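Okay everyone, thanks for coming. Have a look at the model on the screen, and then I'll talk you through the side chains.

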Amino acid sequence: MLLKTALLVVLLLSVFSPARAENIVLIGSCEGLIAFAQAVGAGDMTDARVLLTADIEITRPLAPIGDAAHPFAGTFDGQGHTVSGGVIVGAETAGLFGDIAPEGTVRALTLEGFSVSGAAYAGVLAGRCAGLIEDCAVTNSRVSVFSTEPWGTAAGSLCGSLSGTARHCAATDCAVSSPARAGGLAGQIASGTMENCLFTGAASCLRPGDAPCGGLAGAILYDGGLKSCLGGGTVSAPFAEYVGGITGATFGGTIENCAFSGAVESSAKYAGEITGWCADRAQIAACRYDGASEAIGRGEGSCRPLAQGALAMNAFIQLIMTQ
């Protein structure tokens, strides 16, 4: 054990910049990123302030940064740099970050050409996020969940499960698949909020049953919310019960000022261009859709979509993108 700890210290000193004052870590190489992930996984540096100093190409397998036992609770500032080519396979959670704690923040980071798969919660940036993600981008990436269980799984190009905040983020040319709860941006939004985010690509649910699949989020739970978000592409769930352009199912929370333009391919029992299912405690307002089919597969209570509204879809998209 002492030898293992000593070797880890030597590795960290060899790949990190010596600037560690006030718990600041500078990372500018693949080796440095791998070593940092190992340190966080061991329970060290979980609250570090990390600054990325260069673009990084991942040339070796990379373990997720943080897990349920040791979530990342610091600040990771990409400073506008890009990390590319990562192949990540996680146990329960998978992503560049496995778990982000409520105190954790990831900002100004681009991830390109990633392939991510996890047993339960998978996202290119994070498997689960209870903290803050802002000004981040994911491009040309693939994410999937390999569990066959219908419950307790979620996949999204940004994060698998969001209970924190994501804002001003984009995921473009991405593909998401899961047995249950697949969404373009997030597999599920629990008590979190996603605002001013964009998705283009494809989301698919692969398992028969009541697994929700949506162009922006698979499902919104509790008091989660989507605000001023856009999606474009394809939602494919031939056997799922709840399928929608914005969300597969809205069990609670709110959807406001959102739009999806693309194809919803499903023979689901409940399918709609905005959401496949809307519970009576959910709120939907000021959302646009193409109008080719029903806005809501089945809705109750306070669900009041504004259909196509006063603006055409293209004008609506331009309006949101300038906010």
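I'll go through ring pairs, nonpolar cores, cysteines and salt bridges, in that order.

Quick housekeeping: this is a predicted model, so local features need pLDDT of at least 70 and side-chain atom pairs count only at pLDDT 80 or more, while totals for chains, interfaces and linings use all residues. Residues are numbered from 1 along each chain as its sequence is written, and side-chain values use heavy atoms, with hydrogens and water left out.

Rings, then. I'm pairing Phe, Tyr and Trp rings (the six-membered one for Trp) if their centres lie within 6.5 Å; planes under 30 degrees apart are stacked, over 60 edge-to-face, and the rest tilted. Searching the whole structure that way turns up seven aromatic pairs. Take F72 and F97: the centres are 5.4 Å apart and the planes sit at 45 degrees, so that pair is tilted. F72 is in the loop between β3 (56-57) and β4 (75-77), F97 is in strand β8 (residues 97-100), and they are 25 residues apart. Strands here are DSSP E runs of at least two residues, helices are H or I runs of at least four, and both are numbered from the N terminus. F72 is buried at 0% relative accessible area, and F97 is buried at 0% too. For the record, buried is under 20%, exposed is over 50%, and partly exposed is in between, with a 1.4 Å probe and protein chains only.

Now a stacked example: Y242 and Y270, 5.7 Å centre to centre with 10 degrees between the planes. Y242 comes from strand β29 (residues 240-244) and Y270 from strand β33 (residues 270-272), 28 residues apart. Back with the phenylalanines, ring pairs link F36, F72, F76 and F97 into a cluster.

On to the cores. By nonpolar core I mean buried Ala, Val, Leu, Ile, Met, Phe, Trp, Tyr and Cys residues joined through side-chain atoms within 4.5 Å. Which residues have the most contacts inside the largest one? F97 turns up again, along with L125, M194 and L226, in a core of 81 residues. Helix α2 (residues 30-41) gives the largest share of that core, seven residues. There's also a second, separate core of five residues, and Y270 is in that one, as are A249, W277 and A279.

Cysteines next. With a disulfide taken as two cysteine sulfur atoms within 2.5 Å, the whole structure has zero. C205 has the sulfur of C213 as its nearest cysteine sulfur, 3.5 Å away, and C205 is buried at 3%. For C258, the closest cysteine sulfur is in C229 at 4.8 Å, too far for a bond.

Last, charges. A salt bridge here is a side-chain nitrogen of Lys or Arg within 4 Å of a carboxyl oxygen of Asp or Glu, and the count is four. R128 bridges to E92 at 3.0 Å between the closest N and O atoms, and to D99 at 2.8 Å, N to O. R128 and D99 are both buried, whereas E92 is partly exposed at 40%. Shared partners join E92, D99 and R128 into one network. Then there's E134 with R167, at 3.1 Å between the closest N and O atoms. E134 is buried at 12%, and R167 is partly exposed at 32%.

That's my tour, thanks.
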